[in-house]
Amino acid sequence: MNASDSTAAMFQNAQGFNISGDPHFVNSVTVNQHSNPGGSQSFGNFEQFVSFEALHDSAVHDSDRYVDQVIRENTLKQSQDWMDNPNATEQIAWLHGPASIGKTAIALEIARQKNVVATFFFNRSDSDGSRTDVNRLFPTLAWQLAVSIPDIKDHIIHSINKYSDLPKKRVEEQFEYLVAQPFAAMKKATSVEGPSGLVVIIDGIDECADIGLRRRILKVIGNAVLDRRVPLRFIICSRPDAQIQNIFDQLQCPVLSIDLAEFHPAEEIRKREEKVRAREEELKEEERKLKGRAEEIEKKENEIESREEEILHRTEEIRQKAGEIKRREEELMKREEELKQRDLEQQYGTKPQFKESQTFRLLLLLLLVLPFLLVLLVIPPFLPHILTSLLRLLSSLLRLLSLLLSSFLRLLSFLLSSVLWLLSVLFTSVLRFLFPVLSSVLRLLSFVLRHLSSVLQHLFFLLSYVLQFFSSVFSSVLSLLPFLPFLLSNLLGVFSDLLSSLDPGRTFFDLLLLIIIITILAAYGNARIPMRRNMNV
C-alpha cells in the first residue's frame, strides 16, 4: 500500500473532524508499471482481439540479440533525451535503420522505461498471424492502457460494452472509441490534467500485412498527436521505407528522425570521410574562387597599366602635335613677315628698309622740332598779351559767378523769410484762439528767423566782397603783365651776348654732336619698329 492509499484509508468513514493550516488536495492518476497483471476478466470477450505475443514482455522476443554498443548507447541516449524533454516539438520519433541492425532489441530496451504505457511489435514470421494483423493494434494498445492506467480502465470498458463490434470497425473508429474518448472522459471525471509524457512503441510497422492499413494507421497517429485529448507520444520503428518517409513528410506535425545507421562505426567513418571530402571540395572551391579573383585583379591591373601606357603615349603624341603646331605657327609668321617684306620692297623699291625708315624718321623729327622752334621764336613777344587776356577773362568769369551766387543767395533768403513769415501768420491765425502761448512762441520764432535771414544776407554780401577782392588781386597781377616783354627782351639780349662770346668752332662742334645724337635716336626708333610689328603679329 502506498502513501496515498494509507491516507485514504485513514479518513475512510471519518466524521466531525477539522483540518487546520493550508491543506492542498490533488486528485491523482495512477500509472501501473506492470503491463500484464492477472484478473482482467472485466474485458470479457474483448481479450480474444488482443495480441499478447506482440507485447514487449512476451516470451517470443529474443532480448539477448546482439546490438553494436555504439549504436545502442547513442540511440538510447537520443530517445531518452526526447522522452525526458516535456517541451519537445516532435511528438513522434521514427527509429529507422537497415535489417538486423538491432531496432527491435533497442525498442525492447526502451519499453522497460517507466513512461512507456503500451507496445506492439509486428513480425511477419508469426505463425498464427496475430502479430501481422493491423486490426489487433489498437485493441492491444487499449488493453495495455487500461492495465497501465487504472483510471482509464472503466472508460475503455464502457466503450467496449457500448460498441460490441468495435474490434471489427475501421482503425480510425477503433482509435477514437478505445483511446481518444476514454482519455477525454478520464480527464473530465478526475477534473485534473491527465498524465503527460506517456509513450507508445510500435515496432516493425513495415512488416504489417496490409500496406493500405499501414498508411491509414500512420495518418491516425499523426492526427492523434495533434489532438489535445490524447496525451501520448509514439515511437515508430521500421526500415528506411520510402512510403513511410512520404507519409511522415505529409503529416502536419514534426517527426524526430533517428537513423541507427548513423551511429554505426563504419557509417561514422564514412560520414566523417564525406565531411572531409565536402570540406576539401569547399576548400578547393574557395581556392578556385580566390584564383579567379586573383586572375581578375591581375587582369584589372594589366588593364590599368595598359591604360596608363595609352595615356602616356597619347600625352606624348599631344606634346609632339603641340610642338609641330608651334613650329608651323612660327613658319607661318616667318612667311608672313617675308611676304610683308616683299610687299614693302615692291612698294618702295629695292633699297634697304633700314635706310628708308631712317631718312623718313629724320624728316619726321625735323618736322616735329621746327614747329616748336617757330613757337619759341614767334610766341614770346605776344605771350604777355595772351596771358593778360586769359587772366582778364578769368577775372570776368569770377565776377560773374560771384554776382550770380549773391543774387541766388538773396533770392533764397527772401523766399525763406517769406515762407516762414507766411507759415507763422497761418499758424497764428489758426491757433490764436486755441493756443495763445503757442502763437507767442511762433511770433518769437518768426522774429528769430527774420534776424537769421538778415544774418545770412550779410554773410552772402561778405562772400561777394571776398570774391571781388580776389578779382581785384587778379586784375593787379594782370596789370604787371605788360612789363613781361621788357623782361623777356632783356633775357634774350643776355642770351645773345652769351652766344656771341662763345667760340665759333666750339659751337659748330656742339651742333654737330647734337645732330649725331638725334641721328642715333632716330636709328634706334627705326630698329624698334620691326620688332613691335613682329610682336603684334
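Okay, housekeeping. Residues are numbered from 1 along each chain as its sequence is written, and side-chain values use heavy atoms, with hydrogens and water left out. Since we're looking at a prediction, local features need pLDDT of at least 70 and side-chain atom pairs count only at pLDDT 80 or more, while totals for chains, interfaces and linings use all residues.

So, confidence. pLDDT is the predictor's own confidence in each residue, from 0 to 100. The chain averages 76, and 69% of the residues score at least 70. By the way, helices (H or I, at least four residues) and strands (E, at least two) are DSSP runs numbered from the N terminus. Residues 33-41 stay under 50, and pLDDT is also below 50 over residues 531-537. Where pLDDT is low, the predicted coordinates should not be read in detail.

Now the sheet. Five strands make an open, parallel sheet in the order β2-β3-β4-β1-β5. β2 (116-121) and β5 (255-259) are at the edges with a single partner strand each, so one side of each has no neighbour in the sheet. Strands count as paired if DSSP finds at least two bridges between them; β2 and β3 have five, in the parallel sense. There, Phe 121 sits opposite Asp 203 in β3.

What lies across the sheet? Helix α2 (residues 69-84) lies across β1, β3, β4 and β5, at about 165° to β5. α4 lies across β2 and β3, at about 155° to β2. Those angles run from 0 to 180 degrees between N-to-C directions, with axes fitted to C-alpha atoms, for helices over the stretch in contact; contact means heavy atoms within 4.5 Å.

Last bit: aromatics. Rings of Phe, Tyr and Trp (its six-membered ring) pair if their centres lie within 6.5 Å; planes under 30 degrees apart are stacked, over 60 edge-to-face, the rest tilted. The whole structure has five such pairs. Phe 120 and Phe 122 are tilted, 4.6 Å centre to centre with 55° between the planes. Phe 138 and Phe 175 are edge-to-face, at 5.3 Å and 65°. That pair links helix α4 to helix α6, 37 residues apart. Phe 138 is buried at 0% relative accessible area, and Phe 175 is buried at 6%. Buried means under 20%, exposed over 50%, partly exposed in between, using a 1.4 Å probe and protein chains only.
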